[in-house]
Amino acid sequence: MNRFLLILCTFVAYTGMSAQSIKNNKPGNEIEQINAAQNISDYDALFAKFSKSTTLERWQAHYYSGVAQYLKTESQLKKSSGQSLLESNALALKYAGSILATQPNNADVKVLVGLARLQRIHLNNSPDVQKDKDLIIKIITESEALSPNNPRLTLLKAGMTAKFSDLKFNNLNSAQLYAKAVNDFEAETSPNWGKQLIYLTK
């Protein structure tokens with residue numbers, strides 16, 4: 001009898017673990033996990049999960065891996081500096097850049113590359129600031145044609161005008177663009193990542 005109960009308990013535990021695993025791997029759950037991340041450990045865990053994912057399409061796995069590293073770096077910009085930030089920024093660029101060719105009309109992929117390059121400038125790690133600046137402006141122009149009210153694009157514009165005083169987009173300064181980003185996030189039909197960046201800039 002005891003042996004039967006042990007087998008039954010083991011089966012119930014295994015079934016529960018399997019159900020939890022299926023739930024965690026539910027397609028579309030990636031954004032919820034990204035938005036729930038609160039610290040470096042959370043972002044590292046997400047990066048490990050996305051970069052090794054076999055359930056996501058390759059470009060999605062690389063995109064979310066890049067997002068995790070970008071947000072990890074951004075969350076630490078005002079708290080610390082050093083090699084770790086350079087490494088996580090480089091990973092964000094690597095993963096986002098690796099899918100540009102296969103996603104030429106994906107505004108979010110383009111914008112992530114732009115955000116990561118702007119982040120590299122903030123880290124004083126750009127090998128050529130003018131080249132990065134010009135490329136980001138090109139990314140903004142291309143992304144506007146694809147998704148003009150994309151809130152992450154608006155944040156990229158805001159970050160660029162805050163960093164470079166000679167820039168303005170649609171005659172809006174950085175404060176106005178950050179305000180527009182808030183509205184763009186509210187109007188976005190599908191929940192997505194990036195809203196946390198507004199609070200990180202304050």
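**A helical chain, read from a loop inward**

Gly-82 is partly exposed, with a relative accessible area of 35%. Partly exposed is the middle class: buried means under 20% relative accessible area and exposed means over 50%, with a 1.4 Å probe and protein chains only. Gly-82 sits in the loop between H4 and helix H5 (83-97). Its C-alpha atom is separated by 8.9 Å from that of Leu-123, a residue 41 positions away along the chain.

This is a predicted model: local features need pLDDT of at least 70, side-chain atom pairs count only at pLDDT 80 or more, and totals for chains, interfaces and linings use all residues. Residues are numbered from 1 along each chain as its sequence is written, and side-chain values use heavy atoms, with hydrogens and water left out.

Now the overall fold. The chain has 10 helices and zero strands. Both kinds of element are DSSP runs numbered from the N terminus: helices are H or I with at least four residues, strands are E with at least two. Of the 202 residues, 41% are buried. The accessible surface comes to about 11400 Å², and carbon and sulfur atoms hold 55% of that area. These areas come from the Shrake-Rupley method with a 1.4 Å probe; for residues, only the protein chains shown count as cover. Contacts are the next item; a contact means heavy atoms within 4.5 Å. Take the contacts with a separation of 6 or more: 59% of them join residues 24 or more positions apart.

A nonpolar core is a set of buried Ala, Val, Leu, Ile, Met, Phe, Trp, Tyr and Cys residues joined through side-chain atoms within 4.5 Å. The largest one has 45 residues, and those with the most contacts inside it include Ile-34, Tyr-63, Tyr-70, Leu-156 and Trp-193. Helix H6 supplies the largest share of this core, with eight residues.

H6 covers residues 107-122, 16 residues in total. It reaches 22 Å from its first C-alpha to its last, close to the 22 Å expected at 1.5 Å a residue. The expected span is 1.5 Å times one less than the number of residues. H6 is mostly covered, with 14 of its 16 residues buried. Asn-106 caps its N-terminal end. A side-chain oxygen of Asn-106 lies 3.1 Å from the backbone nitrogen of Asp-108. Just after H6, Asn-124 takes a positive phi of about 55°.

Neighbours within four places in sequence aside, its contacts include Val-111, Gly-114, Leu-115 and Leu-118. Ile-136, Ile-139 and Ile-140 are also among them.

Aromatic rings come next. Rings of Phe, Tyr and Trp (its six-membered ring) pair if their centres lie within 6.5 Å; planes under 30 degrees apart count as stacked, over 60 as edge-to-face and the rest as tilted. The whole structure holds five aromatic pairs. Trp-59 and Tyr-63 form a tilted one, at 6.5 Å centre to centre and 55° between the planes. Because they are four residues apart in helix H4 (residues 58-76), about one helical turn separates them. Trp-59 is partly exposed at 22% relative accessible area, whereas Tyr-63 is buried at 6%. Tyr-70 and Trp-193 form an edge-to-face pair, at 6.2 Å centre to centre and 65° between the planes. This pair links distant parts of the chain: Tyr-70 is in helix H4, and Trp-193 is in the loop between H9 and helix H10 (195-200), 123 residues apart. Tyr-70 and Trp-193 are buried. Ring pairs also link Phe-50, Trp-59, Tyr-63 and Tyr-64 into a cluster.

Is Asp-184 buried or exposed? Asp-184 counts as buried because its relative accessibility is 9%. It belongs to helix H9 (residues 174-187). Beyond neighbours within four places in sequence, Asp-184 is in contact with Asn-149, Asn-150, Pro-151 and Thr-154.

Finally, the loop between helix H8 (151-163) and H9 holds Asn-170. Asn-170 has a positive phi near 55°, though it is a residue other than glycine. It is exposed, with a relative accessible area of 53%. Asn-171 lies in the loop between H8 and H9. Its phi is positive too, at about 60°. Asn-171 is exposed, at 67% relative accessible area.

How values were computed. Polar contact = N/O pair within 3.5 Å; in protein donor to acceptor, adjacent residues only side chain to side chain.
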